[in-house]
Amino acid sequence: MESLSLPVLNPLLASRSNLLRNQSSRMTSPINNFTRGGISLSTVHRLRVGVVRMQAVNEDIDLKQMRDMAAAKKRWDGLLREGKVKLLTPREAGYAISLSNKPLLDVRPSSERNKAWVKGSTWVPIFENEDNLDAGTLSKKVTSFAMGGWWSGAPILSFNRLFLSKVEEKFPKEAELIVACQKGLRSLAACELLYNAGYENLFWVQGGLESAQDEDLVTEGVQPLKLAGIGGFSEFLGWTDQQRAQAAKEGWGYRLVYTARLFGVILAADALFVGAQQLGHYIQELRGH
């Protein structure tokens, strides 16, 4: 699945020619004779150039990802348009499961599957949560957290290289498979992989399991199926679109829970602020003695 993979680039790694060029400039440039605040102007210049280069590399990565995504969407639209993958609404998928006993293949990661699932479905994730503790993975997690992961709770995912082999262990190539994920995008990627591997009786759940109504599918789990894809601090406060829709159905009792949580966060933040002030005063008094 080369077209779906994201480029792995490290903007901090310079090419050998750039390294030699920088070394040469340090030896010949007269600006090295001047300093500002203990830092040479040449160092400041190199830092600025480095930042510009990192921004350029990041823009190139984003552009490549956009192009890859556009190319993938074009292929997926072709699969649907040519009838190689059939489209089902969540309600139609529910009918097919209950009346025709068609199997549902759930390709969501464990972070979503563990919260809610369709009863009797088979789970083989196409992307799985990245649980490695190597430096590269930790760096990705820190970056993701800082860029909004703390709010959305979106996990770092990696492609499951055993996806096809696991599906082939469970289903023959002639099986009629209903393929679903939370929002509908990853299941399309799974359909493309399965079709290229020889599966020709594929059905894709449009909009994903998140778009299903309560009566469409028989579900199990600790949460409603609509809420399985949310997380982070926004979920804790109940500030997601899915939770607002759920609150509109369930009324004030549901809203009061999250209102109480919000007040709890405000009180905790206020207590921390007051505690920090008191600690600061205490440290000042110690210094005064």
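Reader: What makes the largest nonpolar core a nonpolar core?

Author: A nonpolar core is a set of buried Ala, Val, Leu, Ile, Met, Phe, Trp, Tyr and Cys residues joined through side-chain atoms within 4.5 Å. Buried stands for under 20% relative accessible area, exposed for over 50% and partly exposed for the range in between, using a 1.4 Å probe and protein chains only. The largest such set has 25 residues, and those with the most contacts inside it are L105, F163, V167 and V179. This is a predicted model, in which local features need pLDDT of at least 70 and side-chain atom pairs count only at pLDDT 80 or more, while totals for chains, interfaces and linings use all residues. Residues are numbered from 1 along each chain as its sequence is written, and side-chain values use heavy atoms, with hydrogens and water left out.

Reader: Which elements give two or more residues to this core?

Author: They are α2 (41-81), α6 (163-170), β9, α7 and β10. Helices (H or I, at least four residues) and strands (E, at least two) are DSSP runs, numbered from the N terminus. With six residues, α7 gives the most to this core. A second, separate core of 16 residues includes L104, I178, L209 and L217.

Reader: What is V167 in contact with?

Author: Contact means heavy atoms within 4.5 Å. Leaving aside neighbours within four places in sequence, V167 is in contact with L105, V124, L177, L194 and Y199.

Reader: What makes β4 and β9 a pair?

Author: Two strands pair if DSSP finds at least two bridges between them. Strand β4 (residues 104-106) and β9 have three bridges, in the parallel sense, so they meet that condition.

Reader: Why are β3 and β6 called edge strands?

Author: The open sheet has five strands in the order β3-β10-β9-β4-β6, with parallel pairing. Strands β3 and β6 (122-123) each pair on one side only. Four bridges join β3 to β10, with L87 opposite W204.

Reader: Why is the unit of β9, α7 and β10 called right-handed?

Author: A crossover has that name if, with the strands pointing away from the viewer, the path from the first strand over the helix to the second runs clockwise. The β-α-β unit made by β9, α7 and β10 is of this hand.

Reader: How do you know that the buried residues of α3 line one face of the helix?

Author: The buried residues of α3 (residues 90-100) are P90, A93, G94, A96 and I97. Seen down the helix axis, they fall within an arc of 160°, so they line one face; the arc is that of the directions from the axis to the C-beta atoms. These residues pack against β3 (85-88), β4, β5 (116-118), β9 and β10. The face turned away from the buried side carries the exposed residues S98 and L99.

Reader: Why is Q182 called buried?

Author: Its relative accessible area is 1%, which puts Q182 under the limit of 20%, so the word applies. Q182 is found in the loop between β9 (177-180) and α7 (185-196). Not counting residues up to four places away in sequence, Q182 touches R108, E112, G207, G208, L209, E210, L225, K226, A228 and G229.

Reader: What makes the approach of Q182 to L225 a polar contact?

Author: A polar contact is a pair of N or O atoms within 3.5 Å; within protein, one must be able to donate a hydrogen and the other to accept it, and residues adjacent in sequence count only if both atoms are side-chain atoms. The backbone oxygen of L225 lies 3.0 Å from a polar atom of the side chain of Q182, so the distance is within the limit.
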